[in-house]
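Welcome! Here is a short tour of a few local features, for anyone meeting this structure for the first time.

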Amino acid sequence: MKSSHRPFGLSAAVTAAVLLLAATGCSSSDATASVAVPSPPASEAAFCQALAKELPGTVAGLGRSDPEPGSELTAGWGDGAIVLRCGVPRPEKMSDPKAQAVEADGVNWLLERTEGGGPRFTSTYREAYVEVTMDERFTHDATPLADLAPAVRKTVPSSL
């Protein structure tokens with residue numbers, strides 16, 4: 001009796017295709033976040049373009065991996081773990097006197113919870129709104145904002 005080394009008796013071509021699909025389907029290093037690109041007025045977009053040039057290569061130890069579609073108005077780190085969008089509309093929650101906020105290295109941020117479980121921060125008192133969403137591992141950790149604050153402070157003027 002001849003022995004077959006192919007799983008479940010599949011042909012070599014089918015076995016190769018199954019292995020290729022399994023390898024690519026399980027690879028998280030190829031994951032790219034997808035986000036909506038904001039459409040700010042030209043004056044805000046200019047601040048966002050300046051911000052894009054100042055953003056760090058790493059945030060919270062995570063390397064830069066920008067979301068799709070590529071834009072100067074968006075940036076990302078850690079394959080979607082941290083996503084920045086510049087020029088977003090003013091969040092309704094900013095009108096809530098009970099809204100929570102944090103300060104990181106001279107930049108104030110409105111704190112909101114997302115459906116995915118992680119936090120969303122939006123800069124306050126700036127000429128353009130900068131939004132930073134983080135996945136659930138940052139639910140109780142706003143320290144990535146300290147990595148982003150110097151660039152925001154330098155390029156997006158205070159509105160006060």
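With a relative accessibility of 71%, Ser39 counts as exposed, because exposed means over 50%. Please bear in mind that this is a predicted model. Ser39 sits in the loop that runs between helix H1 (12-25) and helix H2 (42-54). Its C-alpha atom is separated by 8.7 Å from that of Leu73, a residue 34 positions away along the chain.

Next comes the disulfide. The structure holds one, and it joins Cys48 to Cys86, with an S to S distance of 2.1 Å. Distant parts of the chain are linked in this way: Cys48 belongs to helix H2 and Cys86 to strand S4 (residues 82-88), 38 residues apart. The torsion about the S-S bond of Cys48 and Cys86 is about -75°, so this disulfide is left-handed. Cys48 is buried, at 1% relative accessible area, and Cys86 also counts as buried, at 1% relative accessibility.

Now for some backbone features. Most residues other than glycine have a negative phi, and most peptide bonds are trans. A cis peptide bond, however, joins Glu68 and Pro69, with omega about -10°. Pro69 lies in the loop between strand S2 (62-63) and strand S3 (74-77).

Methods:
Residues numbered from 1 in each chain as written. Predicted model: local features only at pLDDT ≥ 70, side-chain atom pairs only at ≥ 80, totals over all residues. Heavy atoms only, no water. Helix = DSSP H or I, 4+ residues; strand = E, 2+ residues; numbered from the N terminus. Buried < 20%, exposed > 50% of the residue type's maximum accessible area, 1.4 Å probe, protein only. Disulfide = S-S within 2.5 Å.
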